[in-house]
Amino acid sequence: MLRSPPPDAPESPSVPQASILRLALPSPLRRLFDYLPPRGVDAQRLPLGVRLRVPFGRREIVGVLVEHAETSEVPEGKLRPALEVLDREPPLPPHLLELCRWTSQYYQHSFGDTLSWALPNLLRQGEPAEARVQRFWLAAPGAKLDDPRLTRAPRQRQALQTLQQHPHGVLHELLGQLGINKDSLDLLVEKGLASQESRHHAPVEHHGGWLAQAELPLNAEQRAACEAVRAGFGSFHSYLLAGVTGSGKTEVYLQLIRETLEAGKQALVLIPEINLGPQTLSRFERRFNARIALLHSALTDRERLDAWLAARDGDADIVIGTRSALFTPLKNPGLIIIDEEHDASYKQQEGLRYHARDLALVRARMERTPILLGSATPSLESLHNAASGRYGLLRLTQRAGGAQAPKFQRLDVKSLPLDAGLSMPLQRAIGETLGAGQQVLVYLNRRGFAPTLLCHDCGWISKCPRCDARMTLHQGSGELRCHHCDHRERPPRKCPDCGKLDLRPVGAGTERAEERLRILFPNYPVLRIDRDSTSRKHAMRDLFATINKGEPCILVGTQMLAKGHHFPRVTLVAILDADGGLFSADFRASERMAQQIVQVAGRAGRAEEPGRVLIQTHLAEHPLLVQLTEQGYFAFAEQALSERRAAGLPPFCHMALLRAEAHKPGQAEGFLDEACAEAEHLQAQLGSDVELLGPVPAPMERRAGRFRAQLLLMSTARAPLHRLLTPWLQVLEGMPSGRQVRWSLDVDPIDLF
Ligand code: ADP
Ligand code: ZN
Ligand code: ZN
């Protein structure tokens, strides 16, 4: 994809040797752009990786120097000089630049745009790549918690205690997360018990050790896992830590991180979007005397750049972040951890469609560090890699701390009436659990009141005007909403087709289950946890406070309930509908369903009382469901993998999906038809036999007013697929029909929609 000059291009006499700069620019075009150096600058002295400000059309943009060249295809008089060199040193270390190049080639994405995804916003805009001065709060050296002036000031005392746990000081921006308010600090400063300092990051300083809190003694399986990874320190090794929920994976991470810090290195920890709660972070904060840099999507541009620079300059010891934190440079990389490696949020679904877990492996290899993937429900890809010996498999089969694993039970609802999704046997089980003073978790991965509004008279249903999808009735907000394009409207009072008044909600979402459960169990609180109920600030915190009181109650929620949280008093988990995952046309649906069931189940019975999981289904004898509930996730995965092998599906084949969408029907298919013909033509030249499936309309043909179609490429080996993709994308980029549609290529797609 990187353009090199034609071999026989004449050397332009007026342009001296290697004086052309080849830049990656933030453009979707898969090519580099040539410039002359700024006036008075010697091109050959500019190191690769520095940023330059350049004219681009009528705008000025920031690009990255990635090659020196002697000649250019651009006619001599048309080459423009860059305006300004922005860096003395490249802001990205060589390994990271290399990782970005690899990423752009593998995902067939423009190098310049790949860099845009990888670099903090402010660097893309030309901000200096240097740390700025920041504000820190510190406990005064002699300050005592039993100071008489604090006896009647519990908040100040609390604040002082937290400061004392952070001998490097607490960054002003992190006060909120640690639950300290500024007023308490001001009062402590007045009393001479705390002080404020401004400096570059936290200084490296001698302290009593990396641990702020004692480590738990590991059980035998945890110790074996730690020892295996430790043996791989200092070189590239990959491990899959498959540990049931509550088995103490996080404790393994923490102890390995401590060893990484002791070796003078940094640890990079990726977590899924949804785990980015205060619970996860405070575990790291509490454990270590270490500088932790946090990278996630809610940061301001400035905060992001600061954290990024701290990581790059070795001023952060531990870097924790979501997907894009994978691209954070580290001065002394020592260990990469990917928590919940099966989580779909690691795959970016727009622009640069990369998978952070897969790229983390590439990165670990480049930087020669060990990498640990952890999950209670590993992806089939990772299990396959473990089975074939590419990853070391480390298993934690027991819950740590003595809690028992939950028991699964399939509840056949084939001929049972469902009341807002709840069968009679399930209602009875809920009543018994509440009566015993315990909590119940009801899982239903569907927001809103009802997935459809139906006219009982003529059969009209509430369809989205812009998508091939039904609109969900949300009673709380009194709206019909499309979950695909977010179109919203008031529900009609009477049927738009026949005018009758008999409109009825069909099916059940979380709102409806909540409403029904309140009526069925009026003496117990019913708490709904989904995107709608938790959008208010602190809503989530308030809900958890209620749950943690431990009194009997019912939690109803979507997959927000399935991750990361501990609900020790929940002893009954009810899965209202497992069938979606068994019926779906998407070959990954059953894997996702199994992961969700096991993850939700893992929330239950963490403490003394064992948990019970009831799964409502119409397919009680489905082999995958039987395996899952009777033998566990690994048996399920083995069965699912053998089905994938038989069907020639990933991980036993490699896919790329070309998607297109357009305002007029037929336009997207037209483009894909041409694209398909070009691929066949190239295949004939290359002698390759990548399978081309389609073009076909997308499973949801119309979305947000556009008509969508797709072409699927499949190959048993990766190499021939990529040999085809590279030249093919060059051709597609030049096709006039491509300008009338929106198209994108998804390498290793995780859904085919
Ligand atoms: P996971 O990450 O696998 O879900 P956690 O690390 O959160 O599991 O551990 C679950 C619970 O078990 C936590 O409360 C943790 O403190 C406890 N735990 C972990 N390891 C041990 C151990 N070796 N001994 C006692 N308790 C442990
Ligand atoms: Zn009607
Ligand atoms: Zn819609």
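**Helix crossing and salt bridges in a predicted model**

Helix 1 and helix 10 cross in a right-handed manner (left-handed if the near helix is turned anticlockwise from the far one by less than a right angle, right-handed if clockwise). On the helix 1 side, the contact (heavy atoms within 4.5 Å) is made by His95, Leu96, Glu98, Leu99, Trp102 and Thr103, and on the helix 10 side by Leu359, Val362, Arg363, Met366 and Glu367. Sorted by class, that comes to six nonpolar, two polar and three charged residues (Ala, Val, Leu, Ile, Met, Phe, Trp, Tyr, Cys and Pro count as nonpolar, Asp, Glu, Lys and Arg as charged, and the others, Gly among them, as polar).

As for the geometry, the axes of helix 1 (residues 94–106) and helix 10 (residues 356–367) come within 10 Å and cross at roughly 140 degrees. Axes here are lines fitted to C-alpha atoms, for helices over the stretch in contact, with angles running from 0 to 180 degrees between N-to-C directions. The two helices are therefore oblique to each other (under 35 degrees is roughly parallel, over 145 roughly antiparallel, 65 to 115 roughly perpendicular, the rest oblique). Helices (H or I, at least four residues) and strands (E, at least two) are DSSP runs, numbered from the N terminus.

This is a predicted model, so to speak of local features takes pLDDT of at least 70 and side-chain atom pairs count only at pLDDT 80 or more, while totals for chains, interfaces and linings use all residues. Residues are numbered from 1 along each chain as its sequence is written, chains are lettered from A and ligands numbered from 1 in the order in which they are written, and side-chain values use heavy atoms, with hydrogens and water left out.

Turning to charge pairs, the count is 44 salt bridges (a side-chain nitrogen of Lys or Arg within 4 Å of a carboxyl oxygen of Asp or Glu). Asp419 pairs up with Arg516, closest N and O atoms 2.8 Å apart. Asp419 sits in the loop between strand 16 (407–412) and helix 12 (424–435), and Arg516 in helix 13 (residues 510–520), 97 residues apart. Asp419 is partly exposed at 28% relative accessibility, and Arg516 is partly exposed at 24% (buried means under 20% relative accessible area, exposed over 50%, partly exposed in between, with a 1.4 Å probe and protein chains only).

Lys414 forms a salt bridge with Asp412 at 3.1 Å between the closest N and O atoms; Lys414 is exposed at 55%, whereas Asp412 is partly exposed at 34%.
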